Amino acid sequence: MLLKHILIFLFLLFSDHFYAQFFFNENYSENNIYNKNVSSSDTDNIYNASNFKNNQIRYNIPVKFWIIINDSTNHKVGPAFLKELIQYLNYYYSINNTGIRFSLRPDYQYINNANIVNLRYYTQAPIQAMKHKSKACINVIIANTLIKKKFLSSRKKNFAGTYNPFSKTVIITRNISTSTLSHEIGHYLGLKHPHRGWKYKRFQEPVSRTKKMPFSNKKMCEKKGDGLCDTPAEPNLTKYTDNKCNYTGWNVTDKFGEVYKPNTHNIMSYTNNRECRNKFTKQQTELMLNTLSKNKYADYWRIDLQKNKAYLPDAFEPDNHRETATEIFFNTPQTHSFNKVYTAKKNTEISDHVDWLFFDLKTTKPQQINLKFSGIKYSFPKIRISVFREKKIILLKEISEESIIKEIKISKALAGKYYVKISQVVENETENFYTIMIGK
Ligand SMILES: [Zn+2]
């Protein structure tokens with residue numbers, strides 16, 4: 001209880017400006033994932049980006065979502081929405097070659113409480129952040145709205161997201177830009193805003209990259225702003241960028257009279273249009289990896305260690321629900337695995353042992369479809385396969401290492417959308433991989 005009160009006190013203490021300059025917020029942004037028109041090539045990029053085999057991935061970090069709802073029968077934030085969040089996260093971290101990948105923890109939870117659906121920034125947010133925390137992952141709370149209202153003031157301000165440095169929790173709302181979660185997790189990984197301190201002459205980062213600190217050999221760009229020299233000094237870009245990501249503060253200068261030349265694409269900036277943000281610099285990436293290496297769970301997130309093999313999700317995850325099924329194309333094999341999630345508690349590992357796939361059959365007359373299964377290195381997990389046409393189940397079969405035939409035939413298949421649910425029957429340490437191919 002005492003801690004709770006101290007936290008509330010701390011949050012009330014900080015004024016809006018102080019908080020915005022030195023802590024980690026994200027202003028409300030009109031652009032959200034659903035409103036954005038994603039072209040098919042965009043979607044392709046997102047899918048490719050989340051395929052970690054294509055990149056030099058060093059870490060896989062599980063993300064656990066806590067979704068605040070007010071009526072358990074009427075909530076829009078389901079697995080498909082969470083999958084989209086994870087895909088955008090992986091897209092931004094992958095195109096910048098950060099070496100970091102994220103996965104959806106299957107044990108995401110709903111918090112049914114009408115009083116906090118519209119979360120109060122100063123009072124309720126820190127309490128919820130302390131309350132809902134799992135170990136060995138990044139915790140992300142999703143609220144309907146995040147409202148900042150100062151004590152005894154009637155002014156309300158909506159925020160899209162924030163990072164609570166005390167509990168290391170990210171809080172986001174349902175209507176966010178595609179880059180917001182990447183920004184907040186950037187804070188988790190040690191990044192600060194490039195415009196930090198710009199309003200106060202004492203703290204302001206100069207445009208010059210060579211100016212030294214008084215009585216010191218350190219460059220100012222290493223100490224001020226975000227402490228990185230490859231992110232230019234900048235003012236808060238919300239007011240100084242247009243919708244097309246152009247900088248409009250041409251006459252704004254630092255305290256030495258130099259005009260700013262900001263990077264209007266940095267994920268950690270406050271560009272007016274949040275969709276402008278898609279870049280992490282080299283030093284930002286180095287700082288994130290450095291922060292990660294000091295995280296007490298980093299050892300469980302490294303993908304190069306043999307002991308973590310069972311914890312690595314395949315490239316098609318998350319696909320544990322019909323709504324998040326991965327499309328499989330004819331004659332194109334996909335290798336999936338059943339993985340576990342490390343929870344830092346004894347005997348409470350979470351098994352992720354379901355995969356959903358779908359394919360579209362376009363045909364004018366009934367035809368035969370073959371689902372072929374194979375294992376890696378002569379081992380094969382015991383799996384149960386259910387095939388649905390639209391919502392109706394048409395086939396149910398179990399196959400294992402002992403099965404002579406690892407092929408399923410659907411004879412006289414009609415045109416339509418088919419779903420395939422594959423689940424692991426017996427958990428097995430060594431036989432977790434299977435390859436599926438669909439042929440006509
Ligand atoms: Zn921020």
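His336 stands opposite Tyr434 in β20. The two strands concerned, β11 and β20 (residues 433-439), run antiparallel and are joined by 4 bridges; strands count as paired if DSSP finds at least two bridges between them. The coordinates are those of a predicted model, in which local features need pLDDT of at least 70 and side-chain atom pairs count only at pLDDT 80 or more, while totals for chains, interfaces and linings use all residues. Residues are numbered from 1 along each chain as its sequence is written, and side-chain values use heavy atoms, with hydrogens and water left out.

The pairing of β11 with β20 belongs to an open sheet of 4 strands, ordered β11-β20-β15-β18 and paired in the antiparallel sense. Its edge strands, β11 (334-337) and β18 (407-413), each pair on one side only. On average, neighbouring strands of this sheet are turned by 20 degrees against each other, direction ignored; the axes are lines fitted to C-alpha atoms, and angles run from 0 to 180 degrees between N-to-C directions. In general, strands of a sheet pair through backbone hydrogen bonds, either parallel or antiparallel.

Strand β16 pairs with β17 (residues 392-399) in the antiparallel sense over 7 bridges, and Phe388 stands opposite Ile393 in β17. Strand β16 is also joined by 7 bridges to β19 (residues 416-424), again antiparallel, with Ile385 opposite Ile422 in β19.

The strands β16 and β17 form a hairpin with 2 residues between them. Glu390 counts as partly exposed because its relative accessible area is 40%. Another positive phi in a residue other than glycine, near 60 degrees, is found at Ala136, in the loop between α5 (124-131) and β6 (138-143). Ala136 has a relative accessibility of 1% and therefore counts as buried. A backbone feature of another kind is the peptide bond from Glu317 to Pro318, which is cis with omega near -5 degrees; Pro318 lies in the loop between α8 and β10 (326-327).

Among the helices, α7 may be examined in detail. At 1.5 Å a residue, its 12 residues (282-293) should span 16 Å, and the end C-alpha atoms are 17 Å apart, which agrees; the expected span is 1.5 Å times one less than the number of residues. The buried residues of α7 are Gln284, Thr285, Met288, Leu289 and Leu292. They lie on the same side of α7 because they cover an arc of only 135 degrees around the axis, taken from the directions from the helix axis to the C-beta atoms. The elements that cover them include β2 (59-69), α4 (79-95), β3 (100-104), α6 (180-188) and α8 (298-301).

The protein chain as a whole has 8 helices and 20 strands, which are DSSP runs numbered from the N terminus (helices H or I, at least four residues; strands E, at least two). Buried residues make up 52% of its 440 residues. Of the contacts with a separation of 6 or more, 73% join residues 24 or more positions apart, contact meaning heavy atoms within 4.5 Å.

Methods: Buried < 20%, exposed > 50% of the residue type's maximum accessible area, 1.4 Å probe, protein only.
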